[in-house]
Amino acid sequence: MALRTHLTAAGRGVRSVLARRLFVDRRALVALRVALGALLLADLLLRARSLAFFYTDAGALPRSVLFTRYPITATLSVHAWFGEPWWITLLFVAAGIAALALAFGYRTKVAAVCSLVLLVSLHARNPIVLNGGDSLLRRTLLWSLFLPLGSGLVLDDRTQSRHPAAVALLIQPVVLYVVNAVIKLRGDAWPSGRAVRMVFSIDSLTVFLGERLAAYPGLLAGLGTAWVILLCCSPLLVLTTGRRRTAVVAAFAAAHTGMAVTLGVGLFPLVSLAALVPYLPPAVWESIERRWNRTVRTTGSVLTAGAGWAVGTTRAVETERTIGRTLTDRTIRSGRRLIRRLSTGVRADIVELGSALSPLCRVVPGWTGAEDGRRGARPLGSVDRAWIAAAVRHTGRGVATVLLLVVVLWNAAALGYVDTPEMDTIEVSPQETRWDMFAPSPPTEDVWYVAVGTLESGEEVDVIHGGDPSLQRSDRRWSTYPSARWRKYLEVVRWNGDDTLHEQFASALCGRWNTAHRTHVETLTVHVLSQPTRLSRTEPVREVRVRTHTC
């Protein structure tokens, strides 16, 4: 008996500890929704710069190659139904509208579902250009489907969500950080402090303040050690509460902000910042709520005043509002009366039909005729909305729980702690999807591409950047690649060794130039150059590969 009492007390203590840590403030969910909508829109705008190059049949990965290399993944893409740029543009516009609706909280669930479907479709259209930020954004948006994201922009719901999907929002970033820490510690570059120095010596990665930080190797070594320690301490994001948790969140936020202003890794730092929002405790949201709502209401007042100025006078605006409210109230009351009359008539017809078909209705469990008054019987045609809503909630909790377990096991398999069956039909392995940013070691050489095109007139041009071609590194270090997507794509193409991808890349460069210029390129010579990582001295530049292509 005493043992049972102690176990019961211990169980209560564990539940109390978990209850204080595994929840998300619903105001954080509203802020997360706004951040996700803004990130989706920014992602679309950045991708649109290379829309034809990456997502059409005239680009680097036409549908014929896509279905050959990724036959299963390609079936998930609506974008793969079309090969013309204008169709892909329409899908981008549709995704942008859904992202705006999600950010402003209009038809939130519909907007979230549409955004996720179009995001998965876009990722499946060209898996070569994806990075860790894309995976984190996709998963965070998936968890948000199960949660009450609210509507509008005002933070007014102070309750807490303990849904399994809310728990997943807290567990997922910690899993990613721990996996990254384990992979980093398996190598020598990060424990020795050389890793960050190696990263900042790569010209194609450093942007903004990164170029200046590259001149301070001692500081970079310290930052590298601090980042590894912070990754190892990432479980504190869940284990701590109150001010301690706020401090841990602030440390990770500072680290990701530093990445954003020093490294050209796309939207990954901003997505990581958004993923930290659910960790903020209620005390922080008490402070944020007042300022946030004041800003939203002030903006709304300014917009309303602007609309009133356009109409004429404030009195006219107030009159219009009064009339609008009156008409709206009358319309709602009339609509409700009409619905009640229609529902009464329809219900009577259904009951009459049920009486006529009562012998058949008795065969179906839970459905009887109107005259059947047995206990537990329900009139034919009645819908227990509460029961359906409860069933949907329970199903959602179950699905979210299963997905969370899958994520944990998948990341454990990425580290080699869980064995996965070897199946040739699986196109993506856990090792390929894990977040191993610069782990276990950063790149040991800086690589860039120079595409020299010969025009019809015999003139030579730089097909990638424009202007006169030169095999020397540009003074603008951050302009080595047109974007982070280009760098990711060319890394895969370079290491893959697939001649088909090489030919498609050259062909897409020809098409890209010929579409935008009157004078077409006849032949194209692609030079791949590399320079070893520079830590203490200037390293020589060597040419890795040269390929000539006829346009």
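## The chain at a glance

Of the 551 residues in this chain, 40% are buried (under 20% relative accessible area, with a 1.4 Å probe and protein chains only). This is a predicted model, where local features need pLDDT of at least 70, side-chain atom pairs count only at pLDDT 80 or more, and totals for chains, interfaces and linings use all residues. Residues are numbered from 1 along each chain as its sequence is written, and side-chain values use heavy atoms, leaving out hydrogens and water.

You'll find 23 helices and eight strands here, taken as DSSP runs (H or I of at least four residues for helices, E of at least two for strands) and numbered from the N terminus.

Leaving aside residues up to four places away in sequence, Leu237 touches Val174, Tyr177 and Phe252, among others (contact means heavy atoms within 4.5 Å).

## Where α2 meets α8

Helix α2 (residues 26-48) packs against helix α8 (residues 132-144) at an angle of about 140 degrees, with axes 11 Å apart. Those axes are lines fitted to C-alpha atoms over the stretch in contact, and angles run from 0 to 180 degrees between N-to-C directions.

Residues meeting here include Leu36 and Arg47 in α2, and Asp134 and Leu137 in α8.

Note on methods:
Buried means under 20% relative accessible area, exposed over 50%, partly exposed in between (1.4 Å probe, protein chains only).
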